[in-house]
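Hi everyone, thanks for coming. Please have a look at the structure on the screen, and I'll walk you through a few spots in it.

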Amino acid sequence: MNLVIVESPAKAKTIKKYLGADFEVIASYGHVRDLVPKEGAVDPDHGFAMKYQIIDRNEKHVQAIAKKLKEADTLYLATDPDREGEAISWHLYELLKSRRQLGKRPVYRVVFNEITKRAVQDAIANPRELSYDLVNAQQARRALDYLVGFNLSPLLWKKIRRGLSAGRVQSPALRLICERENEVEAFVRQEYWTIEADASKDAKSFSAKLTTFGGEKVEQFSITDEGRAAEVKATLEQAADGTLKVEKVERKQRKRFPAPPFITSTLQQEAARKLGFTAQRTMRVAQQLYEGVDVGGGAVGLITYMRTDSVNLAEEALTEIRSHIAERYGADDLPDQARHYKTKSKNAQEAHEAIRPTSILREPSAIKAHLTVEQAKLYELIWKRTLACQMNHALINQVAIDLSAGAGNLLRATGSVVAEPGFMRVYLEGRDDAKSADDNEERMLPDLKEGDLVELIQVRAEQHFTEPPPRYSEASLVKALEEFGIGRPSTYASIISTLQDREYVVLDKKRFSPTDVGRVVNKFLTEYFTSYVDYDFTARLEDDLDAVSRGEGEWIPLLERFWRPFKDQVDHTQEHVKRSDVTQERIDETCPKCGGQLSIRLGRNGRFIGCTNYPDCDYTRDLNADKAEQEAPEIVEGRSCPLCGSALEVKRGRYGKFIGCSAYPNCKHIEPLEKPEDTGVACPKCGKGTLQKKKSRRGKIFYSCSTYPTCDYAVWDAPLAESCPKCSWPILTLKVTKTKGAAKVCPQKECGYREAIEEAEEQPLESK
């Protein structure tokens, strides 16, 4: 009997059906060992020796593996084909060896990029040894993260507040978000005007924008006030006298090529843009598609491995894709030769593939009934992108027409038409932060030639204001992380979720903003650990780790180069930096109460302005007080106070905006700005209300009775309309944790009922 070890039971179930009766497949449930969670787990004074211990929750799985191993002649380690997968195999091998459970059995490492019968059987037939280059690169990464976390976190406790922590790659990511927030706040809005003309020819209307006025080119800020705009408008109307003349017609045809197949980062970006998925949700669903879904006839892996930097496609896959394009869309949409895309990442292994369906013949519509809604959406996205990347380019006809309104005044009309859609009939890549309508919107212009006269309908002066740079969305943040070389695609999801879990950033209207604590932590790190949150330094360190994984560098010298300067900086900061240096930021203003210096300070509920002579002087005010005074109260239209009938206003308080009565302090009615989302689950305490999804003052989600304050029942986790089978409490809650996965849980602590729904998704070590 041969024993095969994989990470998850879903993967084990799929692989088992591809191997014969003499193979047993069992899951390790992710990592089996990790560093001991205390000081000294990595010892720099003794060659960075690392002390590991078995993960408690996986002890039972290791025992199950050892029991099966007694019956086996050969052991195959078939964990994922990347650095983390190699580390899991190595840890399991070392653990079994240390317990003397391996004996003299041969141990093989097998890898496959897709879970199909051919790929699995080929891997078993062509095993290899463990790659210690990959293992050492993973150990170096784990050691670095441990050394940074265990040395910086206590420093943050002393200099800012207890309970804070810092990460090697999360900190530069936090810096990105904070710097963008600073740009938004420093932004000064500028007014500018554009002049457009509406014209018509042969009953076809179109518009043109002023590009030259009085012989001078019109720039963005050529017209900056209403008076000047009105003057230009009047001049054009008088000069044109109801008619515009066509001075020049330019016709071009351009090619648009399809985007390459998905890699981890581009899949996360597109799923965020088009499906509204978080990076973590994308990776969870992709893992399910990779490990196997029963689409009739047993479980089968639907996509290739989802953690990859390579845009390479296997030759047999290219042949199948091209054949399907020819059959479904015709030879006109098929290029003469297969498209080969160049991988940007120098660490990408070309033996690995891009993310693609294991068979392009498995169309989304044919298997949709067997998939969950989110699985179907993500599979369709991957399927369309893969098919489109091998289709013909699109041809776009573009027209630009210059029209004159008197001497020295030119307006330009532009339009484009898709002449041949090519790949665009299947898939079009999304964009971040689109300013207006989609660029690909077709705009038809009448058939005009030089010398033609067109009717001028009207001249319009349009007021505009410049906009601040947009805050990062999940898609644009992943893109920025990739461009700056912060982390690796397999860790982007954990970087983002860690920043949110630590409450350093919040996601509001799908955009990231730093919290007050996040800003102070970032200020501390950028001032006193500048090089360690530097984008170039972080990227070089990632490149060094990649070099170790390729066998081009040694991991112990890498740790040495990092550790000594870092430890010196920690010790220096510990000794010479005071807490007030970090949590206070002096401003150019004196205290109105005692004449002392005012500063921005970090308190229990966020940042505020306070006197530096505290406790002798207790003057404080809200940081946003000045801004709030300048802003006129926003009246809530169509509603009045339910208590006194006065108008309702949108107000700003310590915990953000809320709706309050304009008659305050005589009337103290308040309500949240956002209407709570009703779950439809009846309140188990009073039975009269339903549980509503709400946000706490600190932005944390909870669920409470709609009749509050009459009924004060509340729970943290999402309620389910199911009675507890143990104590008969009217509801259960859906609890999701990184370590234990998803489970139905009784909210009554004394009951303790818990029913697992799915095992925890294996997290990259960085997130632990």
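Let's begin with a polar contact: the side chain of Ser704 pairs with the side chain of Lys694, at 3.1 Å. Keep in mind that this is a predicted model. You can find Ser704 in strand S30, which covers residues 701-705. Is Ser704 buried or exposed? Its relative accessible area is 6%, and because buried means under 20%, Ser704 counts as buried. Looking beyond its neighbours within four places in sequence, Ser704 is in contact with several residues, including Thr690, Leu691 and Tyr713.

Now let's zoom out to the domains. The protein is divided into five stretches or sets of stretches, among them domain 2 (139-182 + 472-577) and domain 4 (264-389). The centres of domain 2 and domain 4, taken over C-alpha atoms, are 32 Å apart. How do these two meet? On the domain 2 side 17 residues make contact, and on the domain 4 side 15 residues do. Together they bury about 1300 Å², with carbon and sulfur atoms giving 56% of that area. In domain 2, Glu474, Ala475 and Pro489 lose the most area to domain 4, together 33% of what that side buries.

How many salt bridges cross this interface of domain 2 and domain 4? The rule finds 0, but it does find 2 residue pairs in polar contact.

Last stop, the nonpolar residues. The largest nonpolar core has 141 residues, and Leu378 and Phe529 have the most contacts inside it. Helix H5 (residues 132-159) gives this core its largest share, 11 residues.

Terms used: Residues numbered from 1 in each chain as written. Predicted model: local features only at pLDDT ≥ 70, side-chain atom pairs only at ≥ 80, totals over all residues. Heavy atoms only, no water. Helix = DSSP H or I, 4+ residues; strand = E, 2+ residues; numbered from the N terminus. Buried < 20%, exposed > 50% of the residue type's maximum accessible area, 1.4 Å probe, protein only. Polar contact = N/O pair within 3.5 Å; in protein donor to acceptor, adjacent residues only side chain to side chain. Contact = heavy atoms within 4.5 Å. Core = buried A, V, L, I, M, F, W, Y, C linked by side-chain atoms within 4.5 Å. Domains from an automatic or database assignment. Buried area = accessible area lost by both parts, 1.4 Å probe. Salt bridge = Lys/Arg side-chain N within 4 Å of Asp/Glu carboxyl O.
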